[in-house]
Amino acid sequence: MFYKNFILALVSIGLFASCSTTKDPIEEKVEKLLSRMTLEEKIGQMNQLNSEGAFDDLHERIKRGEVGSVLNEVDPKTLNELQKIAVEETRLGIPILFARDIIHGYKTIFPIPLGQAASWNPKLVEEAGRITAIEATSVGIRWTFAPMIDVSCDSRWGRIAESMGEDPFLSGTMGAAMIKGLQGNDLSDPTSLAACAKHFVGYGATEGGRDYNTTHISNEQLRNTYLVPFKAAVDAGCATFMTSFNEINGVPCSGNPFLTKDILRKEWGFDGVLVSDWSSITEMIIHGYCKDSLEATEKGINAGIDMDMMGEAYISGLKKLIEDGKIKESSVDDAVRNILRLKFRLGLFDNPYININRSSPFYEKAFLEKAKKIAAQSVVLLKNENSVLPLTESVKSIAVIGPLADAAHDQMGTWVFDGEKEHSVTPMQALKDRYGDKVKINYVKTLTHSRDANKSGFGDALAAAKASDVILFFAGEESILSGEARCRADISLPGVQSELLSELKKAGKPIVMIIMAGRPVEIYKELPLVNGLLYAWHPGTMGGLAIAELLFGDIVPSGKLPITYPAMVGQIPIYYNHKNTGRPPLDDSPRINDISPEAPQMSLGNRSYYLDAGDKPLFPFGYGLSYTTFEYKNLKISKSEIGKTEFLTVSCTVTNTGKIKATEVVQLYIRDMYASITRPVKELKDFSRICLDAGETKEVSFTLSPEQLSFWNNDNQFVLEPGDFKVWIATNSADGLEGEFKVIS
Ligand code: BGC
């Protein structure tokens with residue numbers, strides 16, 4: 001016994017000794033290499049250049065050691081050639097890190113991120129990320145600029161398509177899932193793609209929904225809303241971060257050490273690479289924040305940005321700044337350390353080349369199946385009057401009409417560089433192949449694309465509608481109308497789609513509208529004209545098959561909105577987790593036509609709402625119907641009072657009261673009723689996807705931690721304040737079983 005203990009003691013001393021003295025082997029390699037580098041070689045590592053159109057020059061520049069990363073080269077042969085120069089023709093042979101925007105799939109295209117968020121299925125988002133990485137790394141790309149986790153509630157902003165919606169918790173959960181999928185279990189695995197959480201930070205708050213625009217964000221909003229998903233990204237081990245184009249309160253995010261050094265590095269302990277956005281360092285001159293490129297360089301490096309994307313500020317200015325004593329070489333060392341660390345972590349030094357002879361894992365059957373699955377789960381059923389869906393056997397003929405019915409390119413959505421439309425399965429194709437023997441399909445595209453204003457096909461469309469039992473109207477936006485710099489002040493259906501719908505209405509047949517778009521489009525006028533509405537976002541390669549199977553009930557809808565759906569564009573910003581105000585709206589507040597002509601000035605309503613649009617969205621956050629119904633009952637809260645360190649369990653039963661098996665996304669919301677700063681009327685804290693057979697009941701239980709009940713106050717402290725709370729378990733943010741509890745000190 002004594003002997004055993006003695007040995008154990010020795011072992012533990014030995015272990016302790018080795019823990020305290022052994023350095024991480026990667027850190028040792030980084031230091032060793034860094035110590036051999038000249039200043040020029042270091043600065044070269046901090047420069048990222050685009051491959052497109054600059055090949056000859058790039059060749060030379062790599063040879064001169066001026067390039068640490070290349071973006072947008074996807075030809076494996078060229079990529080190997082460039083790598084060979086870096087590895088064999090530069091003094092230290094440091095490999096290049098190849099990058100590309102692969103936002104929602106490389107070849108196999110998954111739904112746009114906003115659509116993926118509508119699945120409320122992090123597991124699937126992770127799996128889609130894994131497939132993306134397997135396809136992209138096969139050509140030599142090891143770094144992608146995704147996920148975009150900018151919280152936004154502005155559907156005018158084209159980039160909302162790339163986001164995970166308006167909720168900080170949902171965005172963080174989905175972003176973390178994507179990161180895990182892209183990066184896999186180990187960054188050194190050749191199929192791992194370093195992820196990049198972007199854009200740090202506040203980009204989604206862009207004024208007026210206009211891209212690149214100014215933002216004003218209070219500390220409270222920053223901490224409680226915009227930073228939340230980024231913290232989740234760090235916790236998920238995200239390898240890189242990108243600064244954003246916008247300024248916050250007068251300071252551009254590429255020159256704001258409070259955000260990037262104090263919060264990201266010091267508070268959160270991020271040790272990955274921080275890259276600028278495209279020229280965002282030099283754009284600080286245009287912002288009016290720096291007088292010239294040298295000052296922009298100084299501000300960028302002082303903000304701890306490791307790599308300059310396409311701005312060439314670092315390569316031209318860093319050396320001079322050091323010589324002039326404006327910055328220390330140690331700042332450059334810190335940046336290069338981060339870059340080398342990532343290159344070592346990715347195993348690039350051991351495996352710099354891509355095997356061009358290996359077969360490409362593109363569009364594999366399993367990948368396409370997964371793409372169909374996530375497309376199906378991302379579609380949200382928003383209206384289903386008299387159960388027009390699913391289409392039953394009594395439907396013998398369908399009219400398929402509209403510009404998005406057979407739009408192989410557009411259904412892929414924004415930010416698709418590599419996916420090929422030839423691989424898209426469109427709704428029209430899927431309806432024909434899968435259901436063509438059951439129903440007669442009368443297809444009249446009518447409009448060539450979403451903005452087409454030519455009404456000459458309206459007659460044929462109406463004839464097809466009259467000759468059919470049900471009209472399927474495929475409306476929406478082309479892919480190019482959302483994404484970066486694709487903002488719209490009018491977010492209604494482009495072109496004459498609305499007129500086409502009115503024309504179809506004349507047929508007197510049930511109409512199901514299927515919308516493919518990069519944002520919620522304004523449809524309050526069209527909604528009453530249709531009996532059913534499926535919101536499909538831009539659903540990707542397999543979107544058509546997913547939609548066809550949803551229409552015919554082979555798949556039951558389960559998607560829920562990751563964003564509040566505005567009724568009118570003028571309501572924006574509209575979001576479920578708003579503050580209450582001192583005068584919250586009442587349901588019976590007078591509306592515009594309740595006011596008599598020449599009415600005297602009076603305290604009419606005097607509530608926070610619009611005379612014309614009221615205060616309600618068209619559909620609330622978290623909303624989505626199914627082909628069955630669910631009943632929520634028996635809310636139980638484990639305690640009526642908890643101490644500040646205690647956990648609380650909240651549960652209820654959910655019953656599938658319909659006749660078919662289906663999935664429901666059960667949501668948990670809270671409200672902190674009063675606090676030292678006002679808190680939102682509801683906040684999503686958790687969710688769970690449950691599958692229920694017809695008639696089945698399940699208990700759904702959530703645990704609320706003290707952390708989930710806390711918030712950042714105006715003194716920059718994360719606090720849980722004693723007081724009253726409300727809690728809901730709900731099918732969407734405007735509904736649910738309500739209970740209450742108290743936190744006591
Ligand atoms: C975008 C980034 C993107 C980068 C590289 C920029 O314009 O804002 O999101 O990753 O370009 O393509």
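Val 201 is situated in the loop that runs between strand 5 and helix 9 (219-226). In this predicted model, Val 201 is joined to Phe 200 by a cis peptide bond, with omega at about 10°. His 199 itself belongs to strand 5 (residues 196-200).

Most peptide bonds are trans, and most residues other than glycine have a negative phi. Ala 485 has a positive phi of about 60°, although it is not a glycine. Ala 485 is placed in the loop between strand 14 (470-476) and helix 19 (497-505).

## Ligand surroundings

In the side chain of His 199, an N or O atom is 2.7 Å from an oxygen atom of the ligand. For the side chain of Asp 277, the corresponding distance to a ligand oxygen atom is 2.6 Å. Glu 484 has a polar side-chain atom 2.9 Å from an oxygen atom of the ligand.

## Packing of helices 17 and 20

Helix 17 (residues 427-435) packs against helix 20 (residues 543-551) at an angle of about 55°, and their axes are 7 Å apart. The two helices are therefore oblique to each other. The crossing of helix 17 past helix 20 is right-handed.

From helix 17, Pro 427, Ala 430, Leu 431, Arg 434 and Tyr 435 take part in the contact, meeting Gly 544, Leu 545, Ile 547, Ala 548, Glu 549 and Leu 551 of helix 20. The residues of this contact comprise 8 nonpolar, 1 polar and 2 charged.

Terms used. Residues numbered from 1 in each chain as written. Predicted model: local features only at pLDDT ≥ 70, side-chain atom pairs only at ≥ 80, totals over all residues. Heavy atoms only, no water. Axes fitted to C-alpha atoms, helices over the stretch in contact; angles between N-to-C directions. Helix = DSSP H or I, 4+ residues; strand = E, 2+ residues; numbered from the N terminus. Parallel < 35°, antiparallel > 145°, perpendicular 65-115°, else oblique. Left-handed = near helix turned anticlockwise from the far one by under 90°. Contact = heavy atoms within 4.5 Å. Nonpolar A, V, L, I, M, F, W, Y, C, P; charged D, E, K, R; others polar. Polar contact = N/O pair within 3.5 Å; in protein donor to acceptor, adjacent residues only side chain to side chain.
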